[in-house]
Amino acid sequence: MLSYKFKDWEDIDGSSVGTDEVEASFDTVMQQAKTIEKEQTLMLMKKRSTRIRRAAVAAAVVVLAVVSPLAWHIVRSTQPETAFAEITVPDGEIQEVTLSDGSIVTLNAGSTLTYPERFGKERAVTLSGEGFFQVTASKRHPFTVNTDNITVTAHGTVFNVQDYPTGPTACATLCSGKIDITPSGKDKSGTVSLEPGQYAGYDKHSGTLTSGRTNAEEACAWKDGDIVIRSMPIAQVFAMLERRFDIDIHMTDDRYDSAVLTAKFINDETLEQLLDAICRLVPGMTYSLEGTDVYIR
């Protein structure tokens with residue numbers, strides 16, 4: 001608390017001085033009071049300014065503390081989200097889709113492809129089923145196909161990928177260019193690089209990835225409507241026919257479970273022609289066709 005004494009005021013005795021002296025003393029005291037008031041006002045303003053600045057800094061710190069955890073969320077929420085498209089091919093059909101980079105994907109029956117409507121720095125799609133990929137070349141932006149079991153990476157090439165949920169294996173076959181195949185969830189040491197005419201297969205039961213030579217034209221023959229069967233268990237053959245013709249095949253006898261087939265059927269052959277041929281290849285096998293159900297006996 002500041003204390004001030006006004007000179008000539010406390011010593012004045014109003015009964016012994018004249019009016020002029022009182023007024024003169026009063027003016028002197030008022031002048032001093034104005035000076036003191038000005039000084040106090042400046043001091044108060046200075047203190048208030050300091051408090052305001054400190055409060056502003058504290059408020060800024062609080063706001064920063066509140067905003068910082070949300071900053072990335074706000075930035076992300078203001079960025080345009082990538083729109084995805086999905087195409088599912090029903091059994092009995094084959095469809096083709098052109099991606100935003102000009103790459104062309106032919107999808108086999110019973111397949112689903114999920115892809116960005118427009119690619120950014122990364123070109124990545126997700127496949128369930130089978131697809132034949134003709135990828136537009138780009139060294140800076142690799143093209144990735146993800147399935148439940150493998151990841152296929154290419155820069156510009158032609159290849160086939162198959163990974164049906166019910167199939168025992170996931171595989172990729174290279175027609176031209178170069179691709180890398182990595183089991184999903186594995187480190188890069190498990191990656192296999194393919195040259196044209198090679199395939200890589202991932203065994204879902206054992207978790208092993210193997211590679212070797214193959215006939216790439218045969219592996220991709222399905223896109224032209226042909227069916228090529230090479231040392232394929234009968235159960236896989238029937239699964240392929242179910243997707244191809246949108247039918248249900250019922251095995252009523254387990255004596256054919258160990259049968260393995262090798263055959264080729266061209267595009268214009270009917271379901272009955274295929275079943276007749278298979279029954280000739282497997283001794284004793286017969287079938288009956290009832291609507292969309294086939295019974296193997």
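Let me start with Asn-108, which is buried, with a relative accessible area of 13%. The cut-off for buried is under 20%, so Asn-108 falls on that side of the line. Keep in mind that this is a predicted model. Where does Asn-108 lie? It sits in the loop that runs between strand E3, residues 104-107, and strand E4, residues 112-116.

Which residues does Asn-108 touch, leaving out those up to four places away in sequence? They are Val-89, Glu-93, Ile-94, Glu-130, Tyr-164 and Trp-222. With one of them, Glu-130, there is a polar contact between side chains, at 2.9 Å.

Now the chain as a whole. It has 297 residues, and 32% of them are buried. The secondary structure comes to 4 helices and 18 strands. If you take the contacts between residues at least 6 apart in sequence, 47% of them join residues at least 24 apart.

On confidence, the mean pLDDT of the chain is 82, with 71% of residues reaching 70 or more. Two stretches need a remark. Residues 1-15 have a pLDDT below 50, and this stretch makes 19 contacts in the model beyond near neighbours in sequence. Residues 52-79 also have a pLDDT below 50, and that stretch has 1 contact in the model beyond near neighbours in sequence.

Next, a pair of helices. Two packed helices are described by the angle between their axes and the distance between the axes. Here the pair is H3, residues 234-245, and H4, residues 271-281, and they pack at an angle of about 170 degrees with their axes 12 Å apart. That angle makes H3 roughly antiparallel to H4. Which residues make the contact? From H3 there are Ile-234, Val-237, Phe-238, Leu-241 and Phe-245, and from H4 there are Leu-271, Leu-274, Leu-275 and Ile-278. Sorted by class, the contact between H3 and H4 has 9 nonpolar residues, no polar ones and no charged ones.

Staying with H4, its buried residues are Leu-271, Leu-274, Leu-275, Ala-277, Ile-278 and Cys-279. What do the buried residues of H4 pack against? Besides H3, they pack against strand E14 (227-233), strand E16 (260-265), strand E17 (287-290) and strand E18 (293-296).

Now some backbone angles. Most residues other than glycine have a negative phi. Ser-231 is not a glycine, yet it has a positive phi of about 50 degrees. Ser-231 is in strand E14. Is Ser-231 buried or exposed? Its relative accessibility is 52%, so Ser-231 counts as exposed.

Asp-246 also has a positive phi, near 55 degrees, and is likewise a residue other than glycine. Asp-246 is placed in the loop between H3 and strand E15, residues 248-251. With a relative accessible area of 45%, Asp-246 is partly exposed.

Last, a glycine. Gly-212 belongs to strand E13, residues 209-213. How far apart are Gly-212 and Gln-198 in space, C-alpha to C-alpha? The distance is 5.5 Å, and in sequence they are 14 residues apart. Setting aside residues up to four places away in sequence, Gly-212 touches Gly-197, Gln-198 and Tyr-199.

Methods. Residues numbered from 1 in each chain as written. Predicted model: local features only at pLDDT ≥ 70, side-chain atom pairs only at ≥ 80, totals over all residues. Heavy atoms only, no water. Axes fitted to C-alpha atoms, helices over the stretch in contact; angles between N-to-C directions. Helix = DSSP H or I, 4+ residues; strand = E, 2+ residues; numbered from the N terminus. Parallel < 35°, antiparallel > 145°, perpendicular 65-115°, else oblique. Contact = heavy atoms within 4.5 Å. Nonpolar A, V, L, I, M, F, W, Y, C, P; charged D, E, K, R; others polar. Buried < 20%, exposed > 50% of the residue type's maximum accessible area, 1.4 Å probe, protein only. Polar contact = N/O pair within 3.5 Å; in protein donor to acceptor, adjacent residues only side chain to side chain. pLDDT = per-residue confidence, 0-100.
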